[in-house]
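Here is a quick briefing for anyone meeting this structure for the first time. Have a look at it, then read on.

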Amino acid sequence: GKRKPNPEIFEYALKVTGAKEEESLMIGDDWDADIVGARTFGMDQVFLTNTEIQQATILSKDGEIRLPRHNNSATFTVDKLSDLINLLNK
């Protein structure tokens, strides 16, 4: 009955999986629910940017302009899920 970014959902996920917070990684494409939620909980995060970039893009008279939605950063950022392979192998 809880939803991200509520810390209880992160606690539940760790309990169910038997994982440790310091060994876990939240991968998500929703800045507020996934990234801020995990960071507030104390878990590292991977922000999948392709969805965010699509949502933040506007068109102007001069063409396409990308607007950042936030000034914060995630622990890691990837443009596509396949980029996770290299990140996890490090």
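Which residues of E1 form its covered face, and which its uncovered one? Met26 and Gly28 make up the covered face of E1, while Leu25 and Ile27 make up the uncovered one. Before going further, note that this is a predicted model, where local features need pLDDT of at least 70, side-chain atom pairs count only at pLDDT 80 or more, and totals for chains, interfaces and linings use all residues. Residues are numbered from 1 along each chain as its sequence is written, and side-chain values use heavy atoms, with hydrogens and water left out.

**The chain as a whole**

- The chain holds four helices and five strands; helices (H or I, at least four residues) and strands (E, at least two) are DSSP runs, numbered from the N terminus.
- Out of 90 residues in the chain, 27% count as buried, and buried means under 20% relative accessible area, exposed over 50%, partly exposed in between (1.4 Å probe, protein chains only).
- Take the contacts between residues at least 6 apart in sequence: 44% of them join residues at least 24 apart. Contact here means heavy atoms within 4.5 Å.

**The sheet**

- Three strands form an open sheet in the order E1-E2-E5, and the pairing is parallel. Two strands pair if DSSP finds at least two bridges between them.
- E1 and E5 sit at the edges with a single partner strand each, so one side of each has no neighbour in the sheet.
- On average, neighbouring strands of this sheet are turned by 20° against each other, direction ignored. For angles like this, axes are lines fitted to C-alpha atoms, for helices over the stretch in contact, and angles run from 0 to 180 degrees between N-to-C directions.
- As a bit of background, strands of a sheet pair through backbone hydrogen bonds, either parallel or antiparallel.

**Strand E2 and its partners**

- E2 spans residues 44-48 and is mostly covered, with four of its five residues buried.
- On one side, E1 (residues 25-28) runs parallel to E2 and is joined to it by four bridges. Here Gly28 stands opposite Phe47, and Ile27 stands opposite Val46.
- To get from E1 to E2, the chain passes through helix H2 (residues 31-41), a β-α-β crossover that is right-handed. Right-handed means that, with the strands pointing away from the viewer, the path from the first strand over the helix to the second runs clockwise.
- E2 also pairs with E5 (residues 76-78), in the parallel sense and over three bridges. In this pairing Val46 stands opposite Phe76, and Leu48 stands opposite Val78.
- H2 packs on the sheet, where it touches E1 and E2, and its direction makes about 160° with that of E2.

**Where two helices meet**

- The axes of H1 (residues 7-17) and H2 come within 9 Å and cross at roughly 75°.
- H1 and H2 therefore count as roughly perpendicular to each other; angles under 35 degrees count as roughly parallel, over 145 as roughly antiparallel, 65 to 115 as roughly perpendicular and the rest as oblique.
- From H1, Pro7, Phe10, Glu11 and Leu14 take part, meeting Ala33, Asp34, Gly37, Ala38 and Phe41 of H2.
- By type, the residues of this contact are six nonpolar, one polar and two charged. Ala, Val, Leu, Ile, Met, Phe, Trp, Tyr, Cys and Pro count as nonpolar, Asp, Glu, Lys and Arg as charged, and the others, Gly among them, as polar.

**Some residues to look up**

- Phe76, found in strand E5, is partly exposed at 32% relative accessibility.
- Neighbours within four places in sequence aside, Phe76 is in contact with Leu25, Gln45, Val46, Phe47 and Leu87. Phe76 and Gln45 are 31 residues apart in sequence, yet their C-alpha atoms are 6.2 Å apart in space.
- Asp32 belongs to helix H2 and is partly exposed, with a relative accessible area of 39%.
- Asp32 and Lys4 lie 28 residues apart in sequence and 8.4 Å apart in space, C-alpha to C-alpha.
- Lys4 is linked to Pro5 by a cis peptide bond, with omega near 15°. Pro5 lies in the segment before H1.
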